[in-house]
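Hi,

Here is the structure I said I would pass on. Have a look at it first, then read my notes below.

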Amino acid sequence: MSHPLDLKQGRVEMAHGGGGRAMAQLIRELFLPFMESPALRAGNDGALLARPEGRLVVATDSHVITPLFFPGGDIGSLAVHGTLNDVAMMGARPIALSAGFILEEGLPLADLARIAQSMGEAARAAGVPIVTGDTKVVERGKGDGLYINTTGIGVVADGVELGGERARPGDHLLLSGTLGDHGIAILAQRENLAFASDIRSDSAALHGLVATMLDAAPGLRCLRDPTRGGLAAALNEIAGQSGVGALIREAAIRLRPPVRAVCELLGLDPLNIANEGKLLAISPPGESARLLAAMRAHPLGHDAALIGECIADPHHFVQMETRFGGRRTVDWLASEPLPRIC
Amino acid sequence: MKFVDEFRDGALARGLAATVAAEADPARDYTLMEFCGGHTHAITRYGLEDLLPRNIRFIHGPGCPVCVLPVGRIDNAIELARRPEVILCSYGDVLRVPASHRTSLQRARAEGADVRMIWSSLDALRIARENPSREVVFLAIGFETTTPPTAVALQQARAEGLANFTVFCNHVLTPAAIQNILESPQLRELGSVPLDGFIGPSHVSAIIGSRPYEYFAEEYQKPVVIAGFEPLDVLQAVLMLVRQINAGRFAVENQYTRAVTREGNLKAQRLVAEVFELRESFEWRGLGEVPYSALRLRPDYAAFDAERRFNIAYHAVPDARSCDCGAILRGLKHPVECKLFATACTPESPIGSCMVSSEGACSAYYSYGRHRAPESPA
């Protein structure tokens, strides 16, 4: 038996991905204690899951964010939340997660342990076990510390039919909270914007909120989490899928003052900025009042608001009534203004 | 938010727009050119055309630094960037400007050229200090607003004796471009393009002051109102122009008194004069050769002049044939009148430079005003 891993001074070495004793030790001493689950502990090539009732949803997401640690979270918690949210946006109850790690030689084991712990805590808080995993190591200089891929499986109850193609003219658009917190928190940290140091990422798992919403509004048409590309991309995607237009009101969209200040200063449009703990819901008009009340009663939706409607438009444009009273197109982002935010 | 909300007040905007509607003569059109891309951006982003009466028409002028940079200069920059010893630094939008042979700085970077996007001229200095064995070239572009920071970088480089830093200077001058537009045959003789007044530059005027416009207003009998970039600034400037036009006046008025004086920023002007001198002529995209419209480094700074160090030879390159950027930059055409607009030419794959920068008229209309021209495809 070798010495235990040095979680204070040690670093990731090529052998940690080599399939030998060093890799087994890394998994046993670093990952397992934080990500305890019976399937993971069994140590097989895959996880055996009982067959659930209902239809299955699978979603996957790779995380390459720099910096690895940021106000409001880290790459580990983000990797859990991001995939759980993709599963939840299908109306599903997530039941299992996988985690694949690509580590760069030289990454401090202390950082890796902190990230593994944060991942384990996020999964436990969400009530979803990490059931299988994988670890590879690449040479120094070939990665940014680490990348994490997570895949989630969820179950959709009978009668729940959500999809971006289901929006109809007249449907109401509801947003669960403030915009831009994640993208601006990352940018502020990367660019050392001292005045924006109190902006925290909104990274959070939304499946609890989604369950509440499905109870309140069984006729819900579509959910989407406005991550990369922001609300503008989410709305344009749905408009295209459903063949409708959308009209939103700038005055109904909430921004935290420091987020707004950074957007003003750097000339960024908050509608293009990524979020990791918000959702856009499309509901038939008759159910939106009840839906909004249910969202506001949930801690992750207390700033929820009705922000606009779907409209008939053969060109599928998304438009916004500005605070000023005029209208403008809300377009996709033309190029990537913020590299590596998720 | 303090100091921002005051200039975005919807109720004030509706009040100003109602005054414009009450005072504008319904029997005539008011054709106003906003010179600056910043104004174009504000007009489209806040939907100002929805608030104003239909006979107030905006012509979007050439005040977008990325848009007026001719293809030949981008070709020069790409040639420089492809030299193995060179690190080429520039502001973000420049990287996407289409150059000859379907290339761009961004594409050159993907093919291995060392091209870096920077936020400030001082970032280029830092890169030069950090890479003493490489040649760091700052591709400097912009109007009078971005010229002083380039001058500061050059002074600092000289003070430090930074031998591996040079500037490829493409700084241009606003008054020369306005005069060129006013002297264009379409405007002066044919009268095919009506132009009743100018919304004058905002930040540029903070540097050069309002005095340089007095000559145009007098000589060409066109009113100029210098305006800030906030939407209320633009509305107030429109009202001031309508009043001048109704009264038959053609004065230079200053709406943007919180930043602009008649004399401008004398310290910045002195700084620029120490480092730069006038070029006899410079090519502008859309306007062609414009006399005394650009700056180059003074002989004192020859050691920091990329054009001298790398013997850059300029070759003018015509625009893509079906692209109407030239006509759009002179106000002869509206973006949606170009055949390529939103079809072959989009912000993702721009053909003309007006589609590249967010201050370009085509990009502003594509991103914020496309719902107004639904005949073009989504």
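What follows is a short tour of the contact between two chains, and then of one residue.

Keep in mind that this is a predicted model.

Let's start where chain B and chain A meet. Chain B puts 33 residues into the contact, and chain A puts in 23. Together they bury about 2200 Å², with carbon and sulfur atoms giving 55% of that area.

For polar contacts between chain B and chain A, the count is eight residue pairs, both residues being at pLDDT 80 or more.

If you want to find the chain B side by eye, look for helices H1 (10-23), H2 (37-45), H3 (48-51), H13 (231-247) and H17 (361-368), each of which supplies at least two residues to it. Sorted by class, that side of chain B has 16 nonpolar, seven polar and ten charged residues.

You'll find B:Asn55 in the loop between H3 and strand S2 (56-63) of chain B. Is B:Asn55 buried or exposed? It is buried, because its relative accessible area is 12%, and the cut-off for buried is under 20%.

The side chain of B:Asn55 reaches two backbone oxygens: that of B:Asp25 at 3.1 Å and that of B:Arg28 at 2.9 Å. Leaving out residues up to four places away in sequence, B:Asn55 also touches others, including B:Ala24, B:Pro26 and B:Tyr30.

Cheers

Definitions and conventions. Residues numbered from 1 in each chain as written. Chains lettered and ligands numbered in written order. Predicted model: local features only at pLDDT ≥ 70, side-chain atom pairs only at ≥ 80, totals over all residues. Heavy atoms only, no water. Contact = heavy atoms within 4.5 Å. Buried area = accessible area lost by both parts, 1.4 Å probe. Polar contact = N/O pair within 3.5 Å; in protein donor to acceptor, adjacent residues only side chain to side chain. Helix = DSSP H or I, 4+ residues; strand = E, 2+ residues; numbered from the N terminus. Nonpolar A, V, L, I, M, F, W, Y, C, P; charged D, E, K, R; others polar. Buried < 20%, exposed > 50% of the residue type's maximum accessible area, 1.4 Å probe, protein only.
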